[in-house]
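Morning, everyone. Please have the sequence and the structure open while I talk. I'll take it piece by piece.

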Amino acid sequence: MNILVVEDEKGLREALVKSLTDEGYMAEGAADGQDGLDLIRTGVYDLVVLDIMLPKKNGLEVLSAMRAESFDMPVILLTARSQLQDKIGGMDRGADDYLTKPFEMEELFARIRMVSRRVHKVAVDHNLRVGDLALNVQSYELSSTQKGRSVKLGAKEFQLLEYLMHNPGMVLSREQITEKVWGFDSEAEYNNVDVYISFVRKKLQFVGTKMKIQSVRGVGYKLQEEQ
Ligand code: CA
């Protein structure tokens with residue numbers, strides 16, 4: 001999961017990005033509302049941690065703008081204790097949750113797990129399901145109801161398949177997959193995508209699912225049930 005942290009306070013922003021990264025997420029920071037909105041518009045983030053008091057555009061303006069443009073990834077607002085009114089305004093504009101500063105990292109992790117579970121309909125047993133396929137988002141275990149076999153995925157394989165399972169039937173380009181799984185600044189080549197797709201295909205085959213990763217020539221890949 002790819003998380004954007006929009007926070008102007010440099011120390012806090014860097015601490016959040018580092019803690020999220022240590023926790024196994026991909027995370028990047030933005031120092032003001034405009035920069036944050038520009039990054040949100042790339043569409044590569046799954047969740048946004050958004051401070052309210054920000055230079056250039058405040059958090060509530062960013063939230064209104066992104067929702068108006070149909071960027072519907074979950075947003076967790078960060079508020080100061082004195083900003084109760086903003087908190088209410090934020091929930092009205094489509095925030096999914098909020099945290100009052102100062103907060104413990106564990107509290108943020110718990111909120112992130114909760115909102116992402118709600119949005120992606122991850123079941124109580126931690127499984128993300130598409131068709132006969134189940135992917136456990138905690139243990140990275142892949143299984144299918146077809147044969148009852150399961151296999152563990154590596155971290156990149158997991159992120160790749162999770163991205164495809166969040167967008168079933170949609171064609172995802174190599175560029176989108178590269179940015180999502182390896183990040184903007186990575187040295188990863190597009191053919192990394194092809195290599196990891198082949199790893200994941202082998203595991204899909206092993207568990208005996210009817211869900212297949214189809215190649216769409218010249219564009220990318222999509223996950224769909226075998227015709
Ligand atoms: Ca601030």
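Start with Y196. Buried or exposed, or something in between? Y196 is partly exposed, because its relative accessibility is 23%. Here are the cut-offs: buried means under 20% relative accessible area, exposed means over 50%, and partly exposed is in between, with a 1.4 Å probe and protein chains only.

Two notes on where this comes from. This is a predicted model, with residues numbered from 1 along each chain as its sequence is written. Local features need pLDDT of at least 70, side-chain atom pairs count only at pLDDT 80 or more, totals for chains, interfaces and linings use all residues, and side-chain values use heavy atoms, leaving out hydrogens and water.

Back to Y196. Which ring does Y196 pair with, edge-to-face, at 5.2 Å centre to centre? The partner is F199, with 75° between the planes. Rings of Phe, Tyr and Trp (its six-membered ring) pair if their centres lie within 6.5 Å; planes under 30 degrees apart are stacked, over 60 edge-to-face, and the rest tilted. Y196 and F199 are three residues apart in helix α8, so about one helical turn separates them.

Now the whole structure: a search finds three aromatic pairs. One of them is W182 with Y196, edge-to-face, 5.4 Å centre to centre and 65° between the planes. This pair links distant parts of the chain: W182 sits in helix α7 (residues 174-182), Y196 in helix α8 (residues 190-207), 14 residues apart. W182 is buried, because its relative accessible area is 14%. Together, W182, Y196 and F199 make one aromatic cluster.

Next, the calcium ion. What coordinates the calcium ion? D8 (OD), D51 (OD) and M53 (O) do, at 2.1 to 2.3 Å. Donors are N, O and S atoms within 2.8 Å of the metal, or 3.2 Å for Na, K and Ca; water is not among the atoms, so sites may look incomplete. Along the chain, the donors follow the spacing D-x42-D-x1-M. D51 is buried, at 4% relative accessibility, whereas M53 is exposed, at 54%.

On to helix α5, residues 105-119. Its 15 residues should span 21 Å at 1.5 Å a residue, and its end C-alpha atoms are 21 Å apart, so the two agree. The expected span is 1.5 Å times one less than the number of residues. Buried in α5 are L108, F109, R111, I112, V115 and S116. They cover an arc of only 165° around the axis, so they lie on the same side of α5. That arc uses the directions from the helix axis to the C-beta atoms.

Last, the strands. β7 (residues 133-136) and β8 (residues 141-144) pair antiparallel, over three bridges. Pairing needs at least two DSSP bridges between the strands. A134 stands opposite S143 in β8. Four residues separate β7 and β8 in their hairpin, and Y140 in the turn has a positive phi of about 65°. Strand β9 (residues 150-152) joins β8 through three bridges, also antiparallel. There, K152 is the bridge partner of E141. The β8 and β9 hairpin has five residues between its strands, with G148 in the turn at a positive phi of about 70°.

Terms used:
Helices (H or I, at least four residues) and strands (E, at least two) are DSSP runs, numbered from the N terminus.
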